[in-house]
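Hi,

Here is the structure I promised to pass on. Have a look at it first, and my notes on what turned up are below.

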Amino acid sequence: MLKKLFIVISFAGICFQAMGQEFSIVDKRAIRFYEEGDQFLNRKQLPEAQEKFKAAYERSSDFFEAYLKHAQVLLSRGMPEEALAVTKKGQSRLPLKKNDFFKGKLAWLEGEIYLKQGAFQEALDIFEENEAYFDESFLKSDEYANKLQQLEIIAEGIKNPIDIRKKRLPRPLNQFRLQYFPVLTADGKRLFFTKRDGITVKYNEDIFFSDFDEGEWSEPESISTLINSSYNEGTCTISADGNLLIFTSCNTPGSHGNCDLYITARMNGEWQSPTNMGNKVNTRYWESQPSLSADGSLLFFSSNRPEGEGGIDLWVSERLEDGTWSKAKNLGSSINTKKDEVSPFIFFNNTMLFFASDGHPGFGAKDIFKSVIEGNGFGKPVNMGFPINDQKDQLALFITAQKDFAYYTENNFELGKVDSSYLYRFDFPEEIDLGHELIVTSGKVINEETGEAVEALLSLIDLDRDSTMYNFKSDGKDGTFTMIYPDKENSGLYVEKQGYMPKIYNVDRDSLRNKQGFQINLEPIAKGKYFIFENIFFDFDQTVLKKSSLSSLKKLHKFLLDHPTVKLLIVGHTDNIGKDSYNSELSLKRAKEVKKFLLGEGIYSERLEIEGRGAAEPLRSNDTEENRAFNRRIEVFIL
């Protein structure tokens with residue numbers, strides 16, 4: 001999961017060959033040093049190679065090919081300062097007469113080094129000042145066009161930087177050699193991360209967590225002995241309610257490949273034994289870096305399987321109604337490139353995907369991009385700008401549901417390799433649009449008769465589209481739940497549990513937006529019990545059901561299927577406007593419409609009775625339009 005990062009530098013128009021190459025000098029001993037350096041380079045013996053290239057130009061001070069090659073090796077080893085010194089030494093020894101070829105090559109390399117150092121203005125100046133010395137055929141190449149695009153992004157970024165302050169998270173966090181891939185629960189109070197004590201293979205990865213309380217983080221703890229093992233476990237994702245966890249485990253017996261995705265659920269406050277997500281998600285290749293949508297219905301992840309667009313691609317799998325996962329699909333060429341796309345993060349409103357890529361135009365390494373989810377596709381990825389992105393690899397971005405902080409990982413390098421990594425965060429800038437505002441509703445579900453916790457299913461429904469936006473579950477141990485969902489009009493909340501009367505709410509009318517401590521009392525099914533059948537809509541003085549009623553009707557149908565012995569009395573009510581006889585008839589016709597729908601779905605008529613009570617049983621006084629709206633309703637009784 002933790003990948004060693006190597007710097008690969010491309011030099012325009014330069015192609016060095018180990019043997020048989022024509023050089024700019026004739027000193028055979030210097031050329032022999034150079035060729036020996038190439039032989040070491042081919043065997044990836046970089047320290048030995050750089051010493052030979054150095055010996056070549058120290059033997060012959062005008063051996064400019066050797067300066068270039070020495071600096072290239074130093075840069076690939078993560079030594080940009082030393083590479084810059086060699087480049088400047090070569091430039092200082094250029095003859096006074098015009099020498100476009102090596103002047104252009106050394107200037108290009110100098111600009112590349114500045115980019116790797118994050119000295120962006122110096123890089124821009126070097127490329128601009130020396131464009132006249134670049135090879136003419138190279139100026140027409142795709143590589144040069146791509147470089148110009150990168151420089152334009154950099155110039156715009158440093159001209160209009162985003163105002164953020166990156167801060168390393170304080171102790172007791174960041175106490176290990178490596179900690180990375182931060183993930184938080186919807187309330188922002190629990191932080192999960194991958195922990196590793198050392199960089200060699202003898203050190204395994206584990207998932208740890210820390211809680212935020214009264215302004216401080218708690219001492220990190222292992223998530224569970226059922227999850228962490230003697231193998232590598234890490235890079236996890238968790239549903240908004242904190243009850244579903246997906247993580248990566250590597251080299252585990254019985255896995256499909258070297259790293260697979262595993263899933264576990266929290267029941268009655270305890271994590272269960274994880275299971276492999278199967279061959280519709282995992283392959284014999286590398287799968288890692290999962291990101292679960294807030295409701296747990298979509299899983300995004302990274303994989304290097306060969307059916308994609310490039311090296312590492314982003315994939316998605318959908319959770320089906322029976323709890324299984326669909327065959328993973330590639331996100332396509334609008335997101336994936338010939339290079340690498342990694343560390344996806346789907347924001348809590350399910351409308352914005354973030355990921356890291358070195359294939360889309362950016363600042364040079366892996367940058368963070370965002371893409372708006374549009375229908376069944378993804379919008380053009382947008383670079384998140386400077387200094388969120390800079391010359392380093394940006395990875396594992398996580399934005400809190402409250403949009404107050406963004407968490408990420410920052411690596412420290414030694415000789416071009418990751419030496420340590422730490423968790424950072426910054427105040428998330430308001431000017432970055434994250435789509436729909438989010439609503440957080442939290443509380444608990446209990447048995448009304450006993451006060452015991454109930455593990456119930458809570459569904460957020462888009463009533464206009466008859467679609468489930470999110471599913472959540474209350475905790476079976478204490479009944480608590482946290483729901484997070486987009487701020488949109490005309491949505492319903494359905495609370496269901498086998499053996500209990502359902503509870504149905506309208507988010508707006510019942511004032512559920514950002515409600516905290518919301519207690520939902522579920523009643524066990526019993527004769528004479530009833531519930532208000534919310535989200536059944538009729539136009540004024542009409543009996544035809546509106547389209548936005550469909551979701552509630554389907555839920556009632558499901559309730560009857562789940563409880564095949566239950567019989568219902570469907571009762572219609574109106575407000576007090578109009579004559580009593582008219583209202584009685586109107587309420588009966590509306591109850592009849594509900595019955596008609598259920599009959600059409602295959603429910604036997606002997607299970608359904610109807611009644612119209614007009615305005616005789618108001619819930620509120622009929623003195624305002626709001627109160628009259630509450631009184632116009634359908635109720636369902638158990639017979």
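H5 and H8 are oblique to each other, a label for angles that are not under 35 degrees (roughly parallel), over 145 (roughly antiparallel) or 65 to 115 (roughly perpendicular). Before the rest, the ground rules: this is a predicted model, where local features need pLDDT of at least 70 and side-chain atom pairs count only at pLDDT 80 or more, while totals for chains, interfaces and linings use all residues. Residues are numbered from 1 along each chain as its sequence is written, and side-chain values use heavy atoms, with hydrogens and water left out.

Back to that first pair. Helix H5 (residues 100-117) packs against helix H8 (residues 142-159) at about 40 degrees, with the axes 13 Å apart. Axes here are lines fitted to C-alpha atoms, for helices over the stretch in contact, and angles run from 0 to 180 degrees between N-to-C directions. Helices (H or I, at least four residues) and strands (E, at least two) are DSSP runs, numbered from the N terminus. The crossing of H5 and H8 is left-handed, meaning that the near helix is turned anticlockwise from the far one by less than a right angle; clockwise would be right-handed. On the H5 side, Trp108, Glu112 and Leu115 make the contact (heavy atoms within 4.5 Å), and they meet Tyr144, Lys147, Gln150, Leu151 and Ile154 of H8. That contact splits into 5 nonpolar, 1 polar and 2 charged residues. For the classes, Ala, Val, Leu, Ile, Met, Phe, Trp, Tyr, Cys and Pro count as nonpolar, Asp, Glu, Lys and Arg as charged, and the others, Gly among them, as polar.

The other pair to look at is helix H9 (residues 550-562) with helix H10 (residues 580-600), whose axes come within 10 Å and cross at roughly 60 degrees. H9 and H10 are therefore oblique as well, but their crossing is right-handed. From H9, Leu550, Leu553, Lys554, Leu556, His557 and Leu560 touch Val594, Phe597 and Leu598 in H10. Here the tally is 7 nonpolar, 1 polar and 1 charged.

Now the charges. I count a salt bridge when a side-chain nitrogen of Lys or Arg lies within 4 Å of a carboxyl oxygen of Asp or Glu, and that gives 28 of them. One joins Asp419 to Arg177, at 2.9 Å from N to O. Its partners come from distant parts of the chain, 242 residues apart: Asp419 sits in strand S23 (residues 417-427), and Arg177 in the loop between strand S1 (167-168) and strand S2 (178-184). Buried is under 20%, exposed over 50%, and partly exposed in between (1.4 Å probe, protein chains only).

Arg613 has two salt-bridge partners, Glu611 at 2.6 Å and Glu617 at 3.2 Å. Glu611 is partly exposed at 30%, as is Glu617 at 35%. There is also a network of salt bridges linking Glu496, Lys555, Lys558 and Asp562.

Finally, the whole chain. It has 11 helices and 34 strands, and 53% of its 639 residues are buried. The C-alpha atoms fill a box of roughly 110 × 50 × 45 Å along the principal axes. Of contacts between residues at least 6 apart in sequence, 57% join residues at least 24 apart.

Cheers
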